[in-house]
Each structure stands twice: as structure tokens, then as C-alpha cells.
Amino acid sequence: MSESGFRAGVKAFLRETLFLPNGVCPVCKKVLFRTESYLCERCAQSLPRVIMPACKYCGKPLSEKGMDFCGDCGPLRDPVLDGGVVWLHYIGSGQKLVHSLKFGHLPQLGSWIGRQMAEAVKEKDWAEKLELVAAVPLHEKRLEERGYNQSDYLAAGLADALNLPYKREVLKRLYDTPHQIGLSREERLVNLTGAFAVSQEKNVAGKTILLVDDVNTTGSTLRECAQALKRAGARAVYTAVCAGAQ
């Protein structure tokens with residue numbers, strides 16, 4: 001065997017026996033070994049998990065103890081959402097993880113994250129009421145550009161871990177809304193008004209639904225989706241989100 005062939009054989013052996021096929025940690029870019037999963041051990045342990053306090057409606061982290069609602073849900077007469085959980089703070093490694101999920105061509109990472117989020121959902125007193133999992137949809141144009149809907153993979157992982165049915169096409173986005181980044185709360189509401197609809201009302205009528213998304217900033221997207229679900233007859237809508245901003 002030639003020297004180059006020997007080296008190639010050694011590399012192949014190491015790759016197949018020591019390293020994971022997903023390559024590097026999506027947070028710190030360290031090479032992943034077989035003893036690790038989708039994140040390296042250090043990043044997995046240091047993720048900025050949301051504990052308490054958190055908004056009773058949408059689950060976003062609150063800045064102060066003694067508060068019950070975030071600044072977006074508190075002023076609303078009808079908050080629409082019946083409760084929620086946010087797994088991570090949208091800062092540091094939490095933000096990097098979401099960016100890798102959305103833009104790193106790692107859809108399988110979403111299923112793993114969804115299973116971790118399920119543990120946070122199980123801690124809620126409303127978890128046993130859940131009957132169906134749905135995901136915030138992407139518009140067909142955005143889906144074609146990205147190749148996958150990250151919230152779809154989060155929802156699938158969650159549903160599997162919670163042993164609940166997941167209806168992939170419950171919600172549809174009627175038009176391609178501009179990106180929400182940099183918009184005020186009022187602009188976000190206008191941007192999303194009427195953007196979502198339920199495909200088949202019989203799938204949600206009378207059901208208690210877990211709505212899944214990747215990021216919660218103002219909660220506008222989640223509330224618009226919840227409105228559509230409740231217009232279609234949903235009994236209640238709870239949310240599970242990977243990361244949220246205060």
C-alpha cells in the first residue's frame with residue numbers, strides 16, 4: 001500500500017470509529033467524538049436554559065422576580081396563548097444554536113433540540129392536556145430557499161418525545177411576510193395580521209394544541225398562529241419555543 005493510501009485509510013478509520021457524522025459542535029465548532037451527541041459536552045452543559053421567572057402566557061424569560069407577564073403579553077386584553085415554555089435564553093450559545101439550526105443546513109439538529117425541549121414541557125402543569133403538536137409554517141418561497149422548516153423538525157422531535165401526534169400541515173402561511181428583525185411591536189403586528197390559516201379545521205376542532213417555533217421575541221407570530229387555530233375551533237393553544245428574548 002502506498003503512503004498516501006495508508007494515510008487515507010487511517011483517516012477513514014478515525015472518522016468512522018471516533019467522530020460523529022454531524023462533524024462539529026454547532027455552537028463552538030469543536031470536532032465531535034462518538035462519546036458526544038449533537039453538541040459537545042461543554043456546550044450542552046452551559047446552554048442558557050430558562051428557569052424562572054417566565055411569562056405565564058408565552059413562557060418568555062422575565063427580567064425581574066415577582067412579575068407574571070412579559071411586556072408584550074401583559075397589556076393584552078386577550079393574550080390568546082394559554083401558556084408556554086421557552087427552553088433557552090436567546091443570548092450567547094442559545095443564539096448560536098438557533099442560528100446553526102436555521103442557517104447551518106442542520107435540520108436533524110432540530111429533532112434533537114425538540115427532544116430536549118420536551119423535558120421542559122413535561123414540567124408544566126398543562127402538559128397532560130396536550131393532544132396535538134403543530135409547527136409555525138414557512139411560506140413556500142422561504143421553504144424553497146432554505147430547504148427545510150426548522151420549526152418542523154423541532155415539532156417532530158417534541159411530538160416523538162411527548163408521544164403525541166404531529167400534524168405537519170395544520171397551519172399554512174398565506175403570504176411571504178418580510179423578516180421581523182428590526183421591526184417595532186406595532187410593525188410586527190401589521191406585518192403578520194392575517195398571515196396564517198388552518199388547512200383542515202377538523203384536525204384542530206376541540207383540541208388542545210402545542211404550537212412550536214424556534215424563537216420568541218415579541219410573540220407576534222405565535223399569537224397570530226394561535227388566533228388562526230382558535231378561529232378553527234381549537235380549545236386551547238400552548239407554545240414551546242427553542243429560545244426567547246426578554
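**Figure 1. Overall fold of the protein chain in the predicted model.** The secondary structure of the chain consists of 8 helices and 8 strands. Of its 246 residues, 50% count as buried. Among contacts between residues at least 6 apart in sequence, 70% link residues at least 24 apart. The accessible surface of the chain amounts to about 12800 Å², and carbon and sulfur atoms contribute 51% of this area.

**Figure 2. The nonpolar surface patch that includes Val-24.** Three residues, Val-24, Val-31 and Phe-33, make up this patch, which covers about 210 Å². Val-24 belongs to strand 1, which spans residues 19–24.

**Figure 3. The enclosed strand 3.** Strand 3 comprises residues 83–89. Because 7 of its 7 residues are buried, strand 3 is largely enclosed by the rest of the structure. Each of these residues therefore has a relative accessible area under 20%.

**Figure 4. Pairing of strand 3 with strand 8.** Strand 8 is formed by residues 236–244 and runs parallel to strand 3. The two strands are joined by 6 bridges. Leu-88 has Ala-243 of strand 8 as its bridge partner.

Technical notes
Residues numbered from 1 in each chain as written. Predicted model: local features only at pLDDT ≥ 70, side-chain atom pairs only at ≥ 80, totals over all residues. Heavy atoms only, no water. Helix = DSSP H or I, 4+ residues; strand = E, 2+ residues; numbered from the N terminus. Buried < 20%, exposed > 50% of the residue type's maximum accessible area, 1.4 Å probe, protein only. Contact = heavy atoms within 4.5 Å. Areas by Shrake-Rupley, 256 points an atom, 1.4 Å probe, with all protein chains shown as cover. Patch = residues over 30% accessible without salt bridge, like charges linked within 9 Å, V, L, I, M, F, W, Y side chains within 5 Å. Salt bridge = Lys/Arg side-chain N within 4 Å of Asp/Glu carboxyl O. Pairing = 2+ DSSP bridges.
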